[in-house]
Every structure is written in structure tokens, then in C-alpha cells.
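Welcome, and thanks for taking a look at this protein with me.

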Amino acid sequence: MQNKGIFFHQTKYFGTFAAHTFTYDMKPQYIVGLILISGFFQAAAQKTTLPFPRNFEKSYEKGIRNWDGTAGPNYWQNRSDYRINVSLNPKKKLVSGDEEVTYFNNSPDTLKMIRLKLQHDLYKKGGQRAEDLPVADITDGVKISGLQIDGAAVATQAQRRQNTFLDIRLAKPLAPKSSLKLNIAWEFTMPADENATRECICDPSTYFIPYFYPEIAVYDDLHGWASAPYNGLQEFYHDFSNYEVNITVPGGYQVWATGEWQNAAELLQPTYLHRWEKAHTATEVISICSEAEMKSGLVLKKAKKNIFRFKATEVPDFTFAVSDHYNWDATSVIVDDKTGRRTFVSAAYDTKSNDFKRVARIAADGIRLMSTWLPGYPFPYPCLTVFNGNDGMEYPMMINDASVSDDFVTGLTVHETAHTYMPFMMGINEQYYAWMDEGWANFFDHFLADSLEHKSSGIFGAGGFGNDWELPPMVPSRAMDSRSYGFAAYTRPQLAYVQLMDMLGYETFHKCLTTYMDRWKGKHPGPYEFFNTFNMVSGKNLDWYWKPWFFEFGYPDLNLTISKMDNAATGASYVAYIKRVGLLPVPVNLEVEYSDGTKETFYKTAECWKNSDQQVVQIPLEKNKTPVKATLGGKTIPDSRQKDNLWKLP
Ligand SMILES: [Zn+2]
């Protein structure tokens, strides 16, 4: 999601520094000899020098994960096929459905239970919640009217139901390499509060409906059954599954959802079907229907109820939204130049939301940049809809975004769209390592929004470093409150990735990132798969960088002094001393003004702090010149104490 607190509040200090701009066509800056690389490969293949959780050891010993960052020969993950029928009754705010789930146990373990996630139990009396809810929205949670495993009825009352989980003890344990069928019928009432946690009753006939079906929790090699209940704060972790979903709504309602719409030809009237088809290959934004057209009743097949059919394969969740009056814009964008593959991009919005008139264009242009530049990896999904709701939250192929000001709409749209890569394509466990997706979404939205808007902005919120609530990102996200989470999941990792790209150069960085994606697309990478893939592909052991940025308490703080010191070797009369006072390695960007009015900039990437013994970097200034003023820092270089970054000739 978009971190609202950090996103909407700009700290002052960034405005005072000139931008350091990256040169993206840079050649790899460092050439490492082959002997060095092979020596390092051998060392890294054995172990990591980073702090390492003991409970992960078994996965590496058993060949499930390799020390070089790849999936091991024994890698496994479980999955499901979902066939869901769901209905919305907008008058009663009631969502009801039934589903058949085929669950495949690919693990080497015999499972004695199946854990179901019932996310709407967040609203149940006595539920564990990160934030208070309006009393009117407290309900009995999800009502289950039938549950069968392999055709045999299961008494739900007899099962353990706690927080948002229902644990079903299996009469016959599920053996490795076997599957079971689970049938369940359920219903719940949508929360009416317009600021509901993730759901949106945006107006009486417009709904955004996530987390609506009982979903089997992830069982994996690192943690077993996922055990963090949904409390409204943390996001998710899902298996990659296939979905066939039939959504029944009253006549006159349009549905947008995860996956590809299967029966448009059956439901759309010819004029609108033609526009919908045209938009699939169009480069311009096409209005599929306006509010007036929706209200005319001529867009959809006339019926008391319509069933919309969607299919999605290998996705980590399914979400839908409905309205009887939203405007619908759509276009398409080529995401893979080799194959010509396109993504169909939609924006569905209220007429009052002026910013949304630009959203389909922004999303399509953002997707093009994502596919070709950052991350520079073809956008994986066939379609994406940005829906005008009440949040800033991503779902596979669906986004619930509030209407925002013109200043923020580009950043918000590309942030949520960029989540397609992490956590969805990459299967990140956000309950433990939210920095592995939010940090990237922040990183991508920074560069992509700047590129789309032809500007060079700073990074917001870095003033949070070094406070007692500021925790290293490797602390499991589920153990953090919202303030700690906001910094550890978003700001610190974003800044770490920014300095990392600067240090490696775009080409090497891109190669590392896309190799990580090739290796872990559709799988569940843990933190060491990320660290070790970058180490291996860059040919550098970056543990000296990962450790302070991701594992340790500390903040970025450089200190500048300039002294007169005739240096025989360089001929310089003045030398700048940059001292690393804080723990985090950041680049040195020194701008010097001389007494003759000339200016000079000195730059070193964060790699200048690679040797932990090195606490001072010396920079000889230009020969025979007298500096009068110097500043240290930059808009994307955090520094927790600004006062000692400015020097003036005494
Ligand atoms: Zn996000």
C-alpha cells in the first residue's frame, strides 16, 4: 500500500540540496577479476556472513534453498485451484458465496490440518485489531453455512477458530504429493464505514471487495503454516493459485476483477463491446462508457441479475469491484517488445474524481517504464484496473486508490501498479519482510513518477532515522507497530536500494534485479535469496552493505570539515574530511564554491565506506584555490544531522 504518513508529508531539508542524478547508461563501475569472483563464489556457496536465523537452516541443509540465492533442487510450494461463485446484494451490503478448492500438498510433510483465512473476521466481536473500528461495523464475522473436505461434512463449531483463522483438523491427514477438495459456503456483511480498513462501500452502488473468500493460508518451508492473523495493518502472503470466479450482481452493475473477463461478449451491448475490444490494442485512452451511458441502461445486457465470469492463473489473490455508474477508461501498452505482448489497462472512477481522468494514461505509461527501465522486466499481468475507492492498496491486477490531488496521483498510481512485481509476481511474505515489497514499490514510484513528470524529487520522511521506534528492516514486520512498520518497510529499504543502484551502476543493478526475478518469479524468495542473488550476480560480496542497512540499529550521518593543508602529492591547498559519524553507508556528494566564484562537485558512491575501519574519506580540493563554502548531501542521500554538512571559510 501507499504509506500515507510518509508519502504526504515532505520534510524541509531536501529542498536545500541540488539533485544528484544517476546516469543510467553507465558501464559497470568495477571490474572484478575472474579469480576473485570464483574465490568469492566458493566462499558464499558455503554460508553467509550475515546474521542468519537458526530456523532457516533446515531449508538450506535440505536443498530447498541454495546459498547462491537460487531455489534448490528440493524447492517446493503448495497451491490451490479455486472455483468460486459469489454474489453481492448492494441493498443489504451482503456478500455470499460458495467455493470448491483443490489444494495440492507439494511439501514433503504430512499435513494434519488445513488453515483457512477468514479475513472478515477482523470485524468480528472480540477480534484482534490494529485500529479501532466504528461500533456499527462490528459483526459476527464470516458466517459459514457448510464445510466439506473430500465430500465429508466437517463441523465448523468443533474446529479451532481464532482471530482470522479457522484451523480444520483433517480426519485423514494429507500426505505429501497428494491433494484434497474443500467445499465451503459463507456470507458476511460489508463494513459501512467509508474509511473501512481495505474494503470500500464508496457510495450506495459502488463497492470494492477484497478478501471476500475463505483462502487456504500459506504452508512453507521457512515458517510452516502462516500464523500472523490479519489485524488490519500488515499485508499478506499467498500461494500462487488458479481462479475461476463467477460474480453475480444486480442488472446495470459493471464488475472489474482480478483476471481476464471471460463473457464480455455475452454481457456488453455491441457498441460497448466494440470499444472494449478496441481498447485491448489501442495506444490512446478510450472511454468504454461514461456515467451518463451507464445510467442510460444501454451498456449491459438487460437482466435482473448478471453473472460476470473471470479467470486468473498463477496469481496470489482475487479481488473484485462493482458500480452501476462509474466511468470506465481503458487503453493498452506493449510490455514485451520481443513478443509484442500487451497489458490491458483500465481506470474506473466517479465523475467527481478529476484526477482519475489521467489515471489510465499514467498507469499505462508507468507500466511501459516498468517493463523497459525499472525494474526493466516485462509486466507480468494481462490486465490491470485502477479503481476509484478509498485507499492506496494493491491487489493482483486490481488497485483501490482514493482520489488525490494532481501532485500525488502519478506517484500513487505507479506505486500501487509497481506492486505487481513485489509482492505479487515474486510471492513475498509481507508479514515478515514487508521491506522486500514496499521498499521496492517506493523505489520504483520515486524514479518512475519523476520520469513521467520530468522532475527530480527528493525522498520524503528520512528524518525518522535513529529514533527509538526506528527498527532494522529484518525485524519481522508482524512484530512492528504502524510507525515502526512505516519506516522499516518503506523508507529505509527504499533509500538502501537507491544507494545500491548508485553504487552498482544501472547495468549491474538491473542484471542483479532481473536475475532475482527470473529465479524467483512465481515462487517465495526469502531475504537471503535477495541478498545472495545480488552478491553472486554483481560478483561482489555486499554483506558489508546489507548488514548495516537491513540488520542493524543506526542512522546515516556524515560530517564535513575542510582544513588548509598543503599537500605535496596533489598540490591541493585544502582538503575536505568527510567523517562517517552514523552507521549507515551513504554516498559522499560534496559541492564546493571557491573564492573565484567557480564551483566543483566531488562524488563517491557508498562503496567508499566498504571497509568498516574507514571512518574518514579525504578529498583534496582543486589546486591553488580557496574554498569559501561547501555542502555535503543530496536530495536522495539521507543524513540525520544536517548542521555539520555545511562548511564556510572562517
Ligand atoms: Zn505499497
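## Domains

The centres of domain 1 and domain 2, taken over C-alpha atoms, are 30 Å apart. Their contact (heavy atoms within 4.5 Å) takes 18 residues from domain 1 and 20 residues from domain 2. Between them the two domains bury about 1,500 Å², with 70% of it on carbon and sulfur atoms; buried area here is the accessible area, with a 1.4 Å probe, that two parts lose on being put together, summed over both.

The domain assignment gives domain 1 as 4-75 + 454-551, domain 2 as 79-217 + 238-425 and domain 3 as 558-648. Such bounds come from an automatic or database domain assignment.

## About the model

This is a predicted model, in which local features need pLDDT of at least 70 and side-chain atom pairs count only at pLDDT 80 or more, while totals for chains, interfaces and linings use all residues. Residues are numbered from 1 along each chain as its sequence is written, and side-chain values use heavy atoms, with hydrogens and water left out.

## A six-strand sheet

An open sheet with mixed pairing is formed by six strands in the order E17-E20-E21-E22-E24-E23. Strands (E, at least two residues) and helices (H or I, at least four) are DSSP runs numbered from the N terminus, and two strands pair if DSSP finds at least two bridges between them. At the edges stand E17 (286-289) and E23 (392-395), each with a single partner strand, so one side of each has no neighbour in the sheet. From one strand to the next, the twist averages 20°.

Strand E22 (residues 383-388) pairs with E24 (residues 398-401) in the parallel sense over four bridges. Thr-385 has Met-398 of E24 as its bridge partner. Helix H8 (residues 406-418) packs on the sheet and touches E22, E23 and E24, its direction making about 145° with that of E24. For such angles, axes are lines fitted to C-alpha atoms, for helices over the stretch in contact, and values run from 0 to 180 degrees between N-to-C directions.

## The nonpolar core

The largest nonpolar core has 201 residues, of which Phe-212, Phe-534 and Leu-590 touch the most other members. Helix H12 (residues 482-504) gives the most to this core, with 13 residues. A core of this kind is a set of buried Ala, Val, Leu, Ile, Met, Phe, Trp, Tyr and Cys residues joined through side-chain atoms within 4.5 Å. Buried means under 20% relative accessible area, exposed over 50% and partly exposed in between (1.4 Å probe, protein chains only). Leaving aside neighbours within four places in sequence, the contacts of Leu-590 include Leu-560, Ile-578, Phe-602 and Leu-632.

Helix H15 (residues 543-551) is largely enclosed by the rest of the structure, because eight of its nine residues are buried. Among them are Trp-544, Trp-546, Trp-549 and Phe-551. The buried residues of H15 pack against H12 and helix H14 (527-538).

## Backbone details

Two cis peptide bonds are worth a look. One runs from Leu-374 to Pro-375, with omega near 5°, and Pro-375 lies in the loop between helix H7 (359-372) and E22. Another joins Met-422 and Pro-423, with omega about 20°; Pro-423 is in helix H9 (residues 420-425).

Lys-93, a residue other than glycine, has a positive phi near 55°. Lys-93 sits in the loop between strands E1 (79-89) and E2 (94-105) and counts as partly exposed at 29% relative accessibility. His-454 also has a positive phi, near 50°. The loop between helix H11 (438-453) and H12 holds His-454, which is exposed, with a relative accessible area of 74%.
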